[in-house]
Each structure stands twice: as C-alpha cells, then as structure tokens.
Amino acid sequence: MNKQKFIDKFLLAFMILAVFKIIGIGAQLFHESFWSVVGTLAIFLVVAFIIMIVITALKDKEQNRNNSGRRGSGGGNFYLEASLFDRIRSKYEELAEKYIAENDYKKAAKVYMNLLQDNFRGAKTLEDGGFYNEAAAVYLKKLNNKSEAASCFEKAKQYKKAIDLYKELQQKEKVGDLYREINDIKNAHIYYQMVADDYTGNNQMVKASLVYSKKMEQPEEAQEILLKGWEEDKDAFNCLNNYFANVFDIGKLEKEIQKLYQKTPSYKKTTYLEAMKHEFKKDHKLQPVTRSIAYEIIAEKVGTRSEIINELKYFNPDDSVILKDISRFKTGRNKMLRN
C-alpha cells in the first residue's frame, strides 16, 4: 500500500470514528437536544477542515523530503503518522482555547473529552464555566472522583448530593457544615461531635475545642476540653493559653489564673510561667498577679535551673535595675561554680 492510499484510508476511518464518537458520546453525556447535536456536528466540520489542512501540509512536506532522497519510505511513514497526530492534537487544543475565549465552555469541554480524550480538563472547563452539575457528572461517571464531584454539587447548591458523597469520603466536618447550611442543626451537631471525638482521641485538644466553640457554639464544652488537655499533658501549653484566651472578663480571668496555679504540680510550673508571659502583656490589670506568680516560680526553680533568672526581664520590661541584678546573679553563680 503506497503512502497516498494509506493516508486517504486513515483519514476516512478517522473521520467516520470521530463522527460517531462526537454525536454518540456528546448526546449521551450532556442529554442534549437535536439542535445541540447539530452544533456538535458543526464542531466536527471545523475539526475536519483543520485535519485536511494539516494532512495536506504534511503530504507536501513528505513529498519534498522523498524527492530529495533524505529519508527512506519506512521512516517517512512513521514520521508522517507521528507528525499528523501532533498537529491534529495541537489544533484541537487551539480550538478548545478559542471556545473558552468566547465563553463557550460546553463546546470547549466537548473538544477536551471527545477529541482529546481528556475528561479531567473537560470537567474542569465545565466547572470554570459555572456548569457545576454537568462537571459533577463527569467527575463522578468518567473519573470516579467523588471529592471533585462533591465540591461541584456544593457549588451548585445540591447539598444533599454533596452530603452523600462527603459521607462516603468520611469528611465528617464537611458533612456537618452542609447540614448546618440547610439548617439541619441536629444532624450537623451529630457529625461535629464525631469530629471532636476524633480530635480528642488523637490528643488534639485545641482543635476539638474549636469545633465546640466555633461550629457547635458550645463555649463551656470547649473550655472543659482545654482544661482536660492542660491537666492531662495533652498539648498542655497551647491548651492553657487558649483556655485563658477564651476568658474575656479581666476580673474573672485573674481569678482563673490564680485558681489554676494553685492546682499546678511542680513539674508543670515552668510551662505555667510561659503562659504568664502572655497574660502579663494582655492587660495592665493582670500584671500584679502574673508577676507575683512568675517570681514564685523563678524562686522555686532557680536552684536547679539558674537560667530561669532571665525570665524576670519579661515581667519588668522598663526596669533597667532588674537587668543589672540578673547580670550580677549570673556572674556570682558562675564564680561559685568555678570555685
């Protein structure tokens, strides 16, 4: 079979397959009307015209090459076939980009899916064009991508469909969010509770507290979780810090600082000291109590941890004398150790 016959038969077969593929898949996927299928045929005619131009150019180029004797017949066929597919693919890309520029996202999606065999870009194009239900269908049926499909259903406000998919994906917090979106507070709290339980089971007490306070609007439960984390040494410092941050009344906060300190075991007092540095800066009304606690902790620990004396400067930021005292203490301590 010579090159001309091979090219002609290839072109005919390609066009026949393309017609059936575009009409059949396009109509089935998008459930379109007769006139929409006619529109798809128009796309095909444009593509067919592009193919004819590309093949004509390649045939001329190949003929010139053969006439010059620089390539053999076998290598020429391979080169022609490879170049043909590359050129056609490039033209399809240009066609899809043209439709996107014209805001005709459905036609662009058809080019990606039916001609370029790229279902993901087809779905993404539909999504970019705001055709969320159609995009979700492609993500789900063609790509088995439940996460992207759920996101598209959510954008389309098809919340029940999105909820079903997020349940399959075990995205409990997202399920809770969508139940809350449709004012199903009971089911929302059921799933938020699952999320909070998962966090506490993994010792992520701060995250659990945020679910209670921000999602479920239960600040008391949030504080209980933080207190539990502090007492059980589960991310203790962050739990304590967040616990104090959630007490907005300064008078009440002062009492909480004193009360928790009285219950703090010796091995956790340096952690408590770190928290006091934050509370000291929060409000001038808290400075006396936080400074007093800091002095007590420093005095208790300085015998075994001499470097803790440096913490005094955080509670006396404007006192230049305290810096000199710290320096004298460290100098004297070093002399004693050398002797």
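Buried here means under 20% relative accessible area, exposed means over 50%, and partly exposed is whatever falls in between (1.4 Å probe, protein chains only). The model is predicted, so to speak of a local feature takes pLDDT of at least 70 and side-chain atom pairs count only at pLDDT 80 or more, while totals for chains, interfaces and linings use all residues. Residues are numbered from 1 along each chain as its sequence is written, and side-chain values use heavy atoms, with hydrogens and water left out.

**View 1. The overall fold, helices and no strands.**
The protein has 17 helices and zero strands (DSSP runs, H or I with at least four residues for helices, E with at least two for strands, numbered from the N terminus). Of its 339 residues, 37% are buried. Look at contacts (heavy atoms within 4.5 Å) with a separation of 6 or more, and 45% of them join residues 24 or more positions apart.

**View 2. Asn-203, in the loop between α10 and α11.**
Asn-203 sits in the loop that runs from α10 (185-201) to α11. Its phi is near 60 degrees, a positive value in a residue other than glycine. Most residues other than glycine have a negative phi. With 39% relative accessibility, Asn-203 counts as partly exposed.

**View 3. Glu-217, in the loop between α11 and α12.**
Glu-217 isn't a glycine, yet it has a positive phi of about 55 degrees. Its relative accessible area is 64%, so Glu-217 is exposed.

**View 4. Ser-209, a buried residue of helix α11.**
Leaving out residues up to four places away in sequence, Ser-209 touches Ala-222, Ile-225 and Leu-226.

**View 5. Helix α12 against helix α13.**
Two packed helices are described by the angle between their axes and the distance between the axes. For α12 and α13, the axes come within 8 Å and cross at roughly 145 degrees (lines fitted to C-alpha atoms over the stretch in contact, angles from 0 to 180 degrees between N-to-C directions). The crossing is left-handed, meaning that the near helix is turned anticlockwise from the far one by less than a right angle. On the α12 side, Gln-223, Leu-226, Leu-227, Gly-229 and Trp-230 do the touching, and they meet Ala-236, Cys-239, Leu-240, Asn-242 and Tyr-243 of α13. The contact has seven nonpolar, three polar and no charged residues (nonpolar is Ala, Val, Leu, Ile, Met, Phe, Trp, Tyr, Cys and Pro; charged is Asp, Glu, Lys and Arg; the others, Gly among them, are polar).

**View 6. Phe-244, a buried residue of helix α13.**
Phe-244 lies in α13 and is buried, with a relative accessible area of 0%. Not counting residues up to four places away in sequence, it touches Leu-253, Glu-256, Ile-257, Leu-260, Tyr-272, Ala-275, Met-276, Glu-279 and Lys-282. Phe-244 and Ala-275 are 31 residues apart along the chain, and their C-alpha atoms are separated by 8.9 Å.

**View 7. The largest pocket and its lining.**
A pocket is an open set of points on a 1 Å grid over the protein atoms alone, with protein on both sides within 12 Å along at least five of seven lines, and lining residues have an atom within 4 Å of a point. The lining here consists of 15 residues, with Pro-219, Gln-223, Asn-246, Val-247 and Phe-248 nearest the centre. Elements giving two or more residues to the lining are α11 (205-215), α12 (219-231), α13 (236-245) and α14 (250-262). Helix α12 gives the most, with four residues. By class, the lining has six nonpolar, four polar and five charged residues.

Definitions and conventions:
1 Å grid on protein atoms, 1.4 Å probe; cavity = no way out; pocket = protein on both sides within 12 Å on 5 of 7 lines; lining within 4 Å.
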